[in-house]
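Biologist: Could you put the model up, so that I can ask a few things about it?
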Amino acid sequence: QRLGDVKFGGNPADIDAVGDRSWRRHGHLTGNLVTVRYFNTSHVNGLLWPTGSDNEYMDDLVPFVSAEAVDETGNLIHPLESNYNFNLDVSPDGLTEWGWQPLPGYHNFNQGDLAVSNKSITWPDVWPDRPDWAGFWNGFFGRGILNAQQETYFVVDDDADEEFEYYPDSTDHSRRGLGLRMSVRGMQWSNVLAEDVIFWIFDVRNVSTTDYEKILFGMFVDSKNGG
């Protein structure tokens with residue numbers, strides 16, 4: 001859906017925000033028998049089961065999105081947006097990965113953890129997409145609703161991807177990538193029916209002015225079966 005059809009998060013002031021590498025952090029979810037380390041680039045790295053052990057059942061999980069577009073010189077291109085530890089193209093100065101980067105404001109910048117529902121010290125003073133929820137958890141089930149044992153939430157976009165001479169937003173020539181934004185939630189329940197599961201929800205939105213006729217969604221998983 002284009003932004004003209006659906007306002008992301010209901011906050012028009014958030015439209016112009018773009019990913020910023022300086023906001024990158026990693027955290028851990030330990031709300032049930034599964035422990036994972038994850039980054040606010042949407043990269044999950046290392047899954048242990050059961051929690052407290054060193055039994056590693058998965059190495060990496062990374063979502064990706066690609067679309068077909070035409071660049072400034074008329075070439076047909078297929079940018080692929082992701083953020084994986086290996087084989088990721090970077091800017092010429094070697095400082096910024098060309099892929100998902102975290103939008104500012106979705107965790108407390110002055111401490112080391114990502115925002116998780118059971119630690120209010122990790123929350124921002126104001127949620128960029130829910131300013132009226134300040135002081136409450138930005139939950140999947142509603143304002144301040146702590147349904148899961150642990151829930152994490154952050155938002156990324158692909159503005160850092162400058163690989164192609166392509167500008168997806170006719171009203172903002174500085175925006176790059178495909179003009180995509182993705183909110184990410186991870187949720188864990190300790191109930192016996194879900195104690196071995198982490199639920200990840202990826203909500204991808206097109207915030208550019210370009211309509212894409214062909215788009216691909218996928219997930220890269222390095223299962224590391226047996227270690």
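Modeller: I would start with F199, which is partly exposed at a relative accessible area of 39%; buried here means under 20%, exposed over 50% and partly exposed in between, with a 1.4 Å probe and protein chains only. Please keep in mind that this is a predicted model, in which local features need pLDDT of at least 70 and side-chain atom pairs count only at pLDDT 80 or more, whereas totals for chains, interfaces and linings use all residues. Residues are numbered from 1 along each chain as its sequence is written, and side-chain values use heavy atoms, with hydrogens and water left out.

Biologist: And W189, buried or exposed?
Modeller: W189 is buried, with a relative accessible area of 18%. The rings of W189 and F199 have centres 5.7 Å apart and planes at 80°, so this pair is edge-to-face; rings of Phe, Tyr and Trp (its six-membered ring) pair if their centres lie within 6.5 Å, with planes under 30 degrees apart counted as stacked, over 60 as edge-to-face and the rest as tilted. Since W189 lies in the loop between β12 and β13 while F199 is in strand β13, the pair ties together parts that are 10 residues apart in sequence; helices (H or I, at least four residues) and strands (E, at least two) are DSSP runs, numbered from the N terminus.

Biologist: How many aromatic pairs does a search of the whole structure find?
Modeller: The search gives 13 aromatic pairs. In one of them, F141 and W189 have ring centres 6.4 Å apart and planes at 75°, so that pair is edge-to-face as well. F141 lies in the loop between β9 (138-139) and β10 (142-143) and W189 in the loop between β12 (180-188) and β13 (199-206), so the contact ties together parts that are 48 residues apart in sequence. Elsewhere, ring pairs link Y106, W123, W127, W137 and Y153 into a cluster.

Biologist: Changing topic, what is the strand order of the open sheet?
Modeller: The open sheet has 4 strands in the order β8-β11-β12-β13, with antiparallel pairing, where two strands pair if DSSP finds at least two bridges between them. β8 and β13 are the edge strands, each pairing on one side only. Between β12 and β13 there are 8 antiparallel bridges, and M182 stands opposite V204 in β13.

Biologist: What do β1 and β2 form?
Modeller: They form a hairpin with 5 residues between the strands, and 4 bridges join β1 to β2 (residues 35-39) in an antiparallel arrangement. G27 has Y38 in β2 as its bridge partner.

Biologist: How many salt bridges does the structure hold?
Modeller: It holds 6 salt bridges, each defined as a side-chain nitrogen of Lys or Arg within 4 Å of a carboxyl oxygen of Asp or Glu. One of them joins E97 and R24 at 3.0 Å, N to O. E97 lies in the loop between β7 (80-81) and β8, and R24 in the segment before β1, so the pair ties together parts that are 73 residues apart in sequence. E97 is buried at 14% relative accessible area, whereas R24 is partly exposed at 21%.

Biologist: Which residues does the salt bridge at 3.7 Å bring together?
Modeller: The side chains of D157 and R175 meet there, N to O, and both residues are buried. Salt bridges that share partners also join R21, R24 and E97 into one network.
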